[in-house]
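Subject: Structure handover and findings

Dear colleague,

My notes on it follow directly after.

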Amino acid sequence: MLPATRVDQAVGMSLVVFSLLLFTYYSVWVIVLPFVESDHVLHIYFLPREYSVILPGIAAVILLLCIGAFTAVIMWKHRKPKKVD
């Protein structure tokens with residue numbers, strides 16, 4: 001097994017940092033923001049609350065479609081031809 005190159009490590013670290021930023025942003029948006037007054041300056045950095053449900057739902061549908069398409073492609077590539085007697 002080959003060790004990870006510097007590029008692989010950089011890509012992996014950037015994915016981790018992106019995920020942490022996204023998790024922090026979403027957590028503040030969903031958990032903290034409802035308790036902050038609506039005229040506070042913090043509200044300009046976030047989308048309306050309706051999107052906190054819509055966007056993860058759309059992301060989940062896209063993820064499930066990608067997983068289904070990947071599974072279908074793998075099954076189609078590895079199918080065995082039927083034997084004709």
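Helices (H or I, at least four residues) and strands (E, at least two) are taken here as DSSP runs, numbered from the N terminus. The model is a predicted one, in which local features need pLDDT of at least 70 and side-chain atom pairs count only at pLDDT 80 or more, while totals for chains, interfaces and linings use all residues. Residues are numbered from 1 along each chain as its sequence is written, and side-chain values use heavy atoms, with hydrogens and water left out.

Overall form

The protein has 2 helices and 0 strands. Its radius of gyration (taken over C-alpha atoms) is 21 Å, well over the 12 Å that the globule rule (2.2 Å times the number of residues to the power 0.38) gives for 85 residues, so the protein is more spread out than a compact globule. The C-alpha trace spans about 75 × 35 × 15 Å along its principal axes. Of the 85 residues, 6% count as buried, where buried means under 20% relative accessible area, exposed over 50%, and partly exposed in between (1.4 Å probe, protein chains only).

Annotated spans

UniProt, in an unreviewed entry, places the feature "transmembrane region" at residues 12–33 and 53–76; these positions are given in the numbering used here, feature names are shortened, and annotations may be inferred rather than shown by experiment. Residues 12–33 are 95% helix and 0% strand, with their end C-alpha atoms 30 Å apart. Residues 53–76 are 100% helix and 0% strand, and there the end C-alpha atoms lie 35 Å apart.

Individual residues

Ser 52 belongs to helix α2, which covers residues 51–77. Ser 52 counts as buried because its relative accessibility is 11%. Leaving aside neighbours within four places in sequence, Ser 52 is in contact (heavy atoms within 4.5 Å) with Tyr 26, Trp 29 and Val 30.

Ile 58 also lies in helix α2, but it is partly exposed, with a relative accessible area of 46%.

His 43 sits in the loop between α1 (6–32) and α2. Not counting residues up to four places away in sequence, His 43 touches Leu 33, Val 36, Glu 37 and Ser 38. His 43 and Trp 29 are 14 residues apart in sequence and 8.9 Å apart in space, C-alpha to C-alpha.

Yours sincerely
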